[in-house]
Amino acid sequence: MLASGFTAAPVSKYLLFGIVVSSLLVSINDIKYLFHIQLVPHIWPYKQFWRLLLWQSCYNNSTELLFAVMTMYHLRIIERMWGARKFASFLLTTIPPCLLIPPVVLAILRPLTFSILNILPAGPTPLIFALLAQYHATIPTVYKYRIFVSSTSPDAVTFSDKSLVYLLAAQLALSSSPGSIICAASGWIIGVTWRRGLGPDIWTTWRVPEWLAGGKQARGGDFDDLRRRLEGEGSGTGHATGAEGEVRRRGLGGGILDQFRGAF
């Protein structure tokens with residue numbers, strides 16, 4: 001059964017809506033200049049260290065916001081697999097390194113590039129790529145398809161149902177390069193480090209309180225949802241052949257449409 005929208009993904013919903021609302025408020029109030037990081041002069045001469053805490057609270061342009069929202073919408077499947085408690089714990093434990101590591105990397109690379117690298121764009125791009133690393137390692141590929149370069153050439157490019165997510169993430173990483181590339185690479189490394197347990201044990205084992213993540217309510221809702229699914233499968237057994245034929249007829253076009261309907 002395909003679950004669309006933010007079913008069983010409340011943390012992802014609030015996170016996505018929070019990014020959209022904060023970006024709109026910053027744009028309406030014309031205070032975008034307060035949220036990006038420019039090593040010189042923001043950090044070193046002026047010592048505006050408060051930017052290290054605020055620079056990932058919003059996006060400064062609509063292009064980055066669009067790709068970030070679309071990517072986050074597809075990554076909500078991680079919360080469905082982990083549960084709200086583990087997902088919220090992951091976000092809270094990875095936010096500190098996502099805030100601090102990209103500026104440190106920028107400070108190291110700036111003198112090596114003769115001050116060419118100096119700006120980090122606003123937005124939670126590192127956090128999104130930390131989630132993308134979990135998506136890459138956790139979510140299996142459902143189907144693959146090939147697109148031929150030309151009608152006369154046998155050469156073809158192979159894609160999967162996950163290719164759209166990677167394409168959106170790549171657009172986000174390149175939207176304000178080279179600073180956005182530093183953010184994306186740092187977030188991916190943080191996500192891989194978390195998944196492999198290379199940091200302190202508390203980094204991967206700590207969990208938010210169950211009541212904070214709505215654990216009891218979510219658990220009861222999961223049992224009810226499972227019961228409804230089993231009943232639906234039992235009542236639809238006699239129509240299995242017709243359903244399979246319908247799925248086969250949908251083909252590639254139906255699979256791509258499922259991406260935009262929130263199937264994955």
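**Reading a predicted helical model**

Biologist: α5 and α6 are oblique to each other. At roughly what angle do the axes of α5 and α6 cross?

Modeller: This is a predicted model, so keep that in mind throughout. The axes of α5 and α6 cross at roughly 130° and come within 9 Å. An angle over 145 degrees would count as roughly antiparallel, and 65 to 115 as roughly perpendicular. The crossing in which α5 passes α6 is right-handed.

Biologist: Which residues of α5 and α6 make the contact?

Modeller: From α5 come F87, F90, L91, T94, I95, C98 and P102. From α6 come P126, L127, A130, L131 and Q134. Sorted by class, the residues of this contact are 10 nonpolar, two polar and no charged.

Biologist: At about what angle do α5 and α8 pack?

Modeller: α5 and α8 pack at about 135°, and their axes are 9 Å apart. That angle makes α5 oblique to α8. The crossing of α5 and α8 is right-handed. On the α8 side the contact is made by I182, S186, I190 and W194. The α5 side includes K86, F90, T93, T94 and L109. By class, this contact has 11 nonpolar, three polar and one charged residues.

Biologist: F90 is named in the contact with α6, and also in the contact with α8. Does F90 count as buried or exposed?

Modeller: Buried means under 20% relative accessible area. F90 has 0% relative accessibility, so F90 counts as buried. F90 sits in helix α5. Leaving aside neighbours within four places in sequence, F90 is in contact with W82, A130, L131, Q134 and W194.

Biologist: How many residues apart in sequence are F90 and W206, and how far apart in space?

Modeller: F90 and W206 are 116 residues apart in sequence, but 8.7 Å apart in space, C-alpha to C-alpha. Read the two numbers side by side. L16 and V69 are 53 residues apart in sequence and 6.4 Å apart in space, C-alpha to C-alpha. With a relative accessible area of 6%, L16 is buried. Leaving aside neighbours within four places in sequence, L16 is in contact with F6, V69, M72 and Y73.

Biologist: What share of the contacts in the protein chain comes from residues 24 or more positions apart?

Modeller: Such residues account for 75% of the contacts with a separation of 6 or more. The protein chain has 11 helices and four strands.

Biologist: How many residues are in the largest nonpolar core?

Modeller: Start with the general idea. In soluble globular proteins, nonpolar side chains tend to be buried together. In this protein chain of 264 residues, buried residues make up 38%. The largest nonpolar core has 32 residues, and L75, I78, L131 and Y135 have the most contacts inside it. Two or more residues of this core are given by each of α1, α4, α5, α6, α7 and α8. α4 gives the largest share, eight residues. Apart from this core lies another, of 11 residues, among them L39, L52, L106 and L120.

Biologist: Which residues does I78 touch?

Modeller: Not counting residues up to four places away in sequence, I78 touches F87, L131, Q134 and Y135.

Biologist: Where is H36, in a helix or in a loop?

Modeller: H36 is in the loop between α1 and β1. At 18% relative accessibility, H36 counts as buried. H36 touches H42, R51, N60, I119, L120, P121 and A122, again not counting residues up to four places away in sequence.

Biologist: How should I read the backbone angles? Which peptide bond has omega near 20°?

Modeller: Most residues other than glycine have a negative phi, and most peptide bonds are trans. The bond from V40 to P41 is cis, with omega near 20°. P41 lies in helix α2. A cis peptide bond also joins S177 and P178, with omega about 5°. P178 is in the loop between α7 and α8.

Biologist: What is the phi of D30?

Modeller: The phi of D30 is near 55°, a positive value in a residue other than glycine. D30 is in the loop between α1 and β1, and at 59% relative accessibility D30 counts as exposed. K47, which is not a glycine, has a positive phi of about 55°. K47 lies in the loop between α2 and α3 and counts as exposed, at 58% relative accessibility.

Notes
Residues are numbered from 1 along each chain as its sequence is written. This is a predicted model: local features need pLDDT of at least 70, side-chain atom pairs count only at pLDDT 80 or more; totals for chains, interfaces and linings use all residues. Side-chain values use heavy atoms; hydrogens and water are left out. A nonpolar core is a set of buried Ala, Val, Leu, Ile, Met, Phe, Trp, Tyr and Cys residues joined through side-chain atoms within 4.5 Å. Buried means under 20% relative accessible area, exposed over 50%, partly exposed in between (1.4 Å probe, protein chains only). Contact means heavy atoms within 4.5 Å. Axes are lines fitted to C-alpha atoms, for helices over the stretch in contact, and angles run from 0 to 180 degrees between N-to-C directions. Angles under 35 degrees count as roughly parallel, over 145 as roughly antiparallel, 65 to 115 as roughly perpendicular and the rest as oblique. A crossing is left-handed if the near helix is turned anticlockwise from the far one by less than a right angle, and right-handed if clockwise. Ala, Val, Leu, Ile, Met, Phe, Trp, Tyr, Cys and Pro count as nonpolar, Asp, Glu, Lys and Arg as charged, and the others, Gly among them, as polar.
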